[in-house]
Amino acid sequence: MNKFNLLKKEIWSIIPKSPIKSDLKHSKLVLKWVLILCPNACEELQISAIGHDIERAITGITEKNIKNYSKIKQFKKQHASRSAKLLSEILKKYNYSNKQINQVKYLVKNHDTGGDSDVEILMSADSLAYFEYNIPFYLKNYGEERTIEKCRFMYERLPESAKKLVKKIKYKSKKIDIIVNRAIEKNN
Ligand SMILES: [Fe+2]
């Protein structure tokens, strides 16, 4: 097995320890979307896709720890920094170069706020995976109003091309469909 596959295997063995049970599939879907948006994605971007939320599996800290949703941006920034640091520690065991490790750190650190084109791809893939899969889990954990806020946050940060992809996602559940429509209606 090559280095990347061994690393992927290790990351995917850690993620199930997260208190958020949807995290493993989310990680796999973010990689899927990165490769749809950018079929030639470099290894650093693919590693960032699979490990961008790894801190939840290691620290156990989730959005349940924020009482006031208006603090979400600040919380997300700290979450991204913690994931970047923890992921870089794993990468060191696999003899990735400092340049590669720093690139992964940069991508993960900025995945919720934006940056260069690779960060934008990662952020779009994260949102698309959320819209494709995570909403029912988020709803169960945090309730309807907060899910609408979260959907809005995940949608507003997208470029127009990715917003179009979100609009194409079909939901079997009427309730989820209504939530998504309420969240993105102002941005149509
Ligand atoms: Fe994510």
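1. In which hand does α2 cross α3: left-handed or right-handed? Helix α2 passes α3 in a right-handed crossing. Please keep in mind as you look that this is a predicted model.

2. Let's stay with this pair for a moment. The axes of α2 and helix α3, residues 43-51, come within 7 Å and cross at roughly 150°. Since angles over 145 degrees count as roughly antiparallel, α2 is therefore roughly antiparallel to α3.

3. You can find the contact by looking for Ser27, Val30, Leu31 and Val34 in α2, which meet Leu45, Gln46, Ala49 and Ile50 in α3. By type, the residues of this contact are six nonpolar, two polar and no charged.

4. Helix α2 (residues 23-37) also meets helix α7 (residues 117-142): their axes come within 8 Å and cross at roughly 125°. That angle makes α2 oblique to α7. Here too, α2 passes its partner α7 in a right-handed crossing.

5. On the α2 side, the residues meeting α7 are Lys25, His26, Leu29, Val30, Trp33, Val34 and Leu37. Their partners in α7 include Ile121, Leu122, Ala125, Leu128 and Tyr133. The residues of the contact of α2 with α7 divide into eleven nonpolar, three polar and three charged.

6. Val180 counts as buried because 20 other C-beta atoms lie within 10 Å. Setting aside neighbours within four places in sequence, Val180 is in contact with Ile135, Cys151 and Tyr171. Val180 and Ile135 are 45 residues apart in sequence, with 8.8 Å from C-alpha to C-alpha.

Terms used:
Residues are numbered from 1 along each chain as its sequence is written. This is a predicted model: local features need pLDDT of at least 70, side-chain atom pairs count only at pLDDT 80 or more; totals for chains, interfaces and linings use all residues. Axes are lines fitted to C-alpha atoms, for helices over the stretch in contact, and angles run from 0 to 180 degrees between N-to-C directions. Helices (H or I, at least four residues) and strands (E, at least two) are DSSP runs, numbered from the N terminus. Angles under 35 degrees count as roughly parallel, over 145 as roughly antiparallel, 65 to 115 as roughly perpendicular and the rest as oblique. A crossing is left-handed if the near helix is turned anticlockwise from the far one by less than a right angle, and right-handed if clockwise. Two residues are in contact if their C-beta atoms, placed from the backbone, lie within 7 Å. Ala, Val, Leu, Ile, Met, Phe, Trp, Tyr, Cys and Pro count as nonpolar, Asp, Glu, Lys and Arg as charged, and the others, Gly among them, as polar. A residue is buried if 20 or more other C-beta atoms lie within 10 Å of its own, exposed if 12 or fewer, and partly exposed in between; C-beta atoms are placed from the backbone.
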